[in-house]
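Hello! Here are a few friendly notes to read alongside the model. Please keep the 3D view open as you go through the points.

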Amino acid sequence: MACSCRIWKIMDPSSVLLPLWAYFLCALTCADAAGFIHSSPLRLRQLTRANAVSTATGRSEAAIGWGNPDGVTLREVTDNVWEANRPFLWNTIDVGSRMVLIRLKDGSLWAHSPVNLDIPTRAEVDALGPVKHIVSPNFEHLKYGPLWGQAYPDAVTYGCPGLMAREPWCMQEVANDPPDSWLDEFECCFIDCEQNPFTRKSFFNEVVFFHKPSKTLITSDFYWNYPSTSPSRPIPQSTRLWKFGMDRVYLPFYKRLMITDKGRFNELVERVLGWRAERIIPCHGSIVEGRDACEAEIRRQTGLTD
Ligand SMILES: [Fe+2]
């Protein structure tokens, strides 16, 4: 029961965090990340909602949420880089999600963690160029990968290591070496030293990406940045509670119990820092701008100090 002992060392039994602990531990113990979210009936509700499109405005009503108060379908972040910010319901909590869309020098589009391909989204994506690369970066951010694969049969569907064995639609895995078709525009880093401490199986198996021309680091669950406030749309209480749980409960749990080799993890973080990103676009939360801010954020969240 060494595992349980370690849990109690980092957990005050009298803490008000107990219900949150139970919540996270239940999620980790009872469900594989991909299967958990994939199989929930709530996913079906989300799909239904995501397909709601305003024909009057041509705008996706499903895009409106605390992370995207104006319901913008695609927003240009910088040259050849766009984001699609969408609500994402985990049970009834809007945890937010963001796709990153990048146009390579040959004009092809690279889509990371795709969002639902509703009518307005498809129209705006198609106006930017042909989709050729569809990336599911970890075991969790793959919900719309097969939909995009079907919609764009000329594209390759990429996944993190281990995804091809789980998902038959995944055509190629990427770890630390980007494929030639990405035209030397990316660096990749496979976070290969984390696992579910109860099942001893890989949990996220995430690959983080760096787009060299824009100096942009792209993360899914390796780094998140939930805001405390939103300028024009209140953040729901449940989302704020989620942020608290992620920052104060899950993060220490991840660092203390899910990282299997701290030395290796620090090595990987150093590699990511070596890219000297000037922007972080996370799938969850606010974009970080500025090289110093990016480095400070990665060091803060990973616990890597100078
Ligand atoms: Fe996520």
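Predicted model: local features only at pLDDT ≥ 70, side-chain atom pairs only at ≥ 80, totals over all residues.

1. Let us begin with a term: two strands are said to pair if DSSP finds at least two bridges between them. With that in hand, look at strand 2 and strand 5 (residues 97–103), which run antiparallel and are joined by six bridges.

2. Strand 1 pairs with strand 2 in the antiparallel sense, over three bridges. Here Glu76 has Trp82 of strand 2 as its bridge partner. The two strands make a hairpin, with two residues between them. Within that turn, Asn80 has a positive phi of about 65 degrees.

3. Where do these strands sit in the wider sheet? Seven strands form an open sheet, and their order is 1-2-5-6-7-8-9, with mixed pairing. Strand 1 and strand 9 are the edge strands, since each pairs on one side only.

4. How many residues of strand 2 (residues 81–86) are buried? Six of its six are, and the strand is mostly covered. In a regular strand, side chains alternate between the two faces of the sheet. You can follow this in strand 2: Val81, Glu83 and Asn85 point one way, while Trp82, Ala84 and Arg86 point the other way. Residues of both sets are buried.

5. For contrast, have a look at a loop. Asp184 lies in the loop between strand 9 (172–173) and strand 10 (186–190). Is Asp184 buried or exposed? Asp184 is exposed, because it has 10 other C-beta atoms within 10 Å, and a residue counts as exposed if that number is 12 or fewer.

6. Finally, step back to the whole chain. Its secondary structure comes to ten helices and 14 strands. Of the 306 residues in the chain, 39% are buried. Consider also the contacts between residues at least 6 apart in sequence: 56% of them join residues at least 24 apart.

Technical notes
Residues numbered from 1 in each chain as written. Buried ≥ 20, exposed ≤ 12 C-beta atoms within 10 Å, placed from the backbone. Helix = DSSP H or I, 4+ residues; strand = E, 2+ residues; numbered from the N terminus. Contact = placed C-beta atoms within 7 Å.
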